[in-house]
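The questions and answers below set computed values against the definitions of the terms used. Please have the sequence and the structure at hand.

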Amino acid sequence: VSIRKAAAGLAFALILIGGFETYYLRIYLHDRAALGRTFEELPWRKLPGFRQFLLDVRAATREGEAIALWIEPMSWMGGYEYGYVRAGYLLAGRDVIPLLAPDGRILSANSAAADVIACYRCATVPAGFLAVRSTPAGLVLRRGPR
Amino acid sequence: MIGFSLAAALLAGFLVTRAIAPALPAAITAGASVLVGLGLPAAVLGALAAAGVPWSGATALGGLAIIGMAAVLGARRRRLGAVTLPRLTAGRTPLSIAFDALTAVVLSGYALFALSGHPPETDYVTIWGLKGLRFFHARGIDFEFLSQRWNAFSHPDYPLLLPLLYDWTALFAGSWPDRWFGALFVLFGLGAVGVVRGILEEELGPASAAAATLALTPLAVAPYLGLAEGPLIAYATAGLLLLRRGVACATRDDLTLGALLLGLAASTKNEGLTLVLAAAVAMASTAGARRLLYLWPALVLPLPWLLVRRLHGLSTDLTASGAFTRLAERIADPGEIIRAIASTPFGKPLFWVGLALALLVAGPATLRRERLVLGAVAVQYLFYLGAYFVTPHDIQWHVTWSWERIVNQMTMLLAFVAVGSALRELVGSSRNASAG
């Protein structure tokens, strides 16, 4: 066996073994139902209860409504961005509008355009809105009669 | 109904593939048909949206039927006879069957993973799935959503093949079937493996081809469920390898089909757009500028989206104002980029050592033969690096969250060259191995 052939054999073995994904064999023994539950929670895990909260908001609102998102504490990097960019998926069909800008400004004009405020982790009701649903993770606030 | 929607798309994909390249071996035809078929829904739904026709199962199916009939007429014009399915089992040996069985076990394992539940990736929820879901509710492409400045996080400039493919399945399911979207990623993997397997078998014989396919399969099935990485890997790999085959065998059909698949890559991610440029540069420098004419499908396919996104002002974040200033500053001092890349993992070390060793053993003759693929990959990596030189984001953050993922986009092509040359050296097979 020439050195070239031996090196070629070694290279092939390294690629085969090094690139192999043993997970695709181990998965035959996994609890796939548990894995499915993990998949479902994974994108939402940093805001506990947020996924269920959005499902509750969805159930309390109609297609086409504008939903402003309030997340306590109101800090862009402290959770607001995380929640805002995800909310649209579970609230599809509604327009999700932010109440906080990346630079920390409160966007009060957006709350004026909202039919509903989805208020995660908060207990107070702003003027002009009525709490229409209370969930363990927050409140769903609907604009009252003007 | 999801099965029906996919079966219809794959059938149309087969008709188009056969009309373009009727003389391909069975495995390549099967793989390319799957990939073309998964790309057609975007063309149909995009055309319906452009024509102002609301999406429904009936309008979608009607659009697909028109493409299918055009393909049948095209095939008749080329005087192709009745479809005869070649025997996939021809020339098999016990060793090749054993390797293929192991490949099937790996692919089935991936299918179990992919079908375990909803796509778990954040970028699915915030980009790919979100846009698909918005469009599904709007029964068309929701430009109001894409143009809204608050939605910039969803990267409105990204090509729409994948969100529209999600919509395709949803239109027929009547609801949003995200629990089953994993099946799409299995199909993309199968398509890429089919093309690679067929080309390897022509060059190496059945046993070596089966062994090589086993080594390459984990690279074809991207773990990023819900994102466009898997589709991009499949289209990029199949497209470039068919261009390589077209140059080697001097067949126009392969070049056209390869260019079509590259066009679908460009309709999948912005990196697919740069890959078309990379392939054109590699093609011009290795096979002659005249052959660039055959790349026309790769330019025509993504063109409508490029025009529409310009019309709606959907610009990419990389070109945000000050790009030239950032580029100049970072060229003068690339230290931050180098440090960020050096501190970020990019895959499995053993694999990369094997890949480097295989290319070292391959020698200049093999590298010359593979210069189309290697050249395109090299230019594409330059584009990847270029993105870090102009990014408006924090460099360490951008590199950390993208480097390993984008490196993997080209890994299967590199591994194809490496594994092929190693096995050629090892077993001495050189059947039809005169690519480039």
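Helices (H or I, at least four residues) and strands (E, at least two) are DSSP runs, numbered from the N terminus. The model is a predicted one, in which local features need pLDDT of at least 70 and side-chain atom pairs count only at pLDDT 80 or more, while totals for chains, interfaces and linings use all residues. Residues are numbered from 1 along each chain as its sequence is written, chains are lettered from A and ligands numbered from 1 in the order in which they are written, and side-chain values use heavy atoms, with hydrogens and water left out.

Q: Where does Arg139(B) lie, and why is Arg139(B) called partly exposed?
A: Arg139(B) is found in the loop between helix H5 (122–138) and helix H6 (143–147) of chain B. Buried means under 20% relative accessible area, exposed over 50%, and partly exposed in between (1.4 Å probe, protein chains only). The relative accessible area of Arg139(B) is 33%, so the residue is partly exposed. Its phi is near 55°, a positive value in a residue other than glycine.

Q: What makes His155(B) count as buried or exposed?
A: His155(B) has a relative accessible area of 17% and is therefore buried. This residue lies in the loop between H6 and helix H7 (161–173) of chain B. Although His155(B) is not a glycine, its phi is positive, about 50°.

Q: How do you know whether Thr411(B) is buried or exposed?
A: Because its relative accessibility is 3%, Thr411(B) counts as buried. Thr411(B) belongs to helix H19 of chain B. Contact means heavy atoms within 4.5 Å; leaving out residues up to four places away in sequence, Thr411(B) touches Leu219(B), Phe351(B), Trp352(B) and Tyr381(B).

Q: What makes the pair of Glu203(B) and Arg424(B) a polar contact?
A: A polar contact is a pair of N or O atoms within 3.5 Å; within protein, one must be able to donate a hydrogen and the other to accept it, and residues adjacent in sequence count only if both atoms are side-chain atoms. The side chains of Glu203(B) and Arg424(B) make such a contact at 2.9 Å. Glu203(B) is placed in helix H8 (residues 182–204) of chain B, and with a relative accessible area of 4% this residue is buried.

Q: Why is the link between Glu425(B) and Arg4(A) called a salt bridge?
A: A salt bridge is a side-chain nitrogen of Lys or Arg within 4 Å of a carboxyl oxygen of Asp or Glu. The closest N and O atoms of Glu425(B) and Arg4(A) are 3.3 Å apart, and the pair forms a salt bridge. Across the interface of chain A and chain B the rule finds three salt bridges.

Q: How many residues of each chain take part in the contact?
A: Chain A gives 43 residues and chain B gives 51 residues.

Q: Which residues of the largest nonpolar core touch the most other members?
A: A nonpolar core is a set of buried Ala, Val, Leu, Ile, Met, Phe, Trp, Tyr and Cys residues joined through side-chain atoms within 4.5 Å. Of the 200 residues in the largest one, Phe50(A) and Leu257(B) touch the most other members. Helix H19 (residues 395–427) of chain B supplies the largest share of this core, 16 residues. In soluble globular proteins, nonpolar side chains tend to be buried together.
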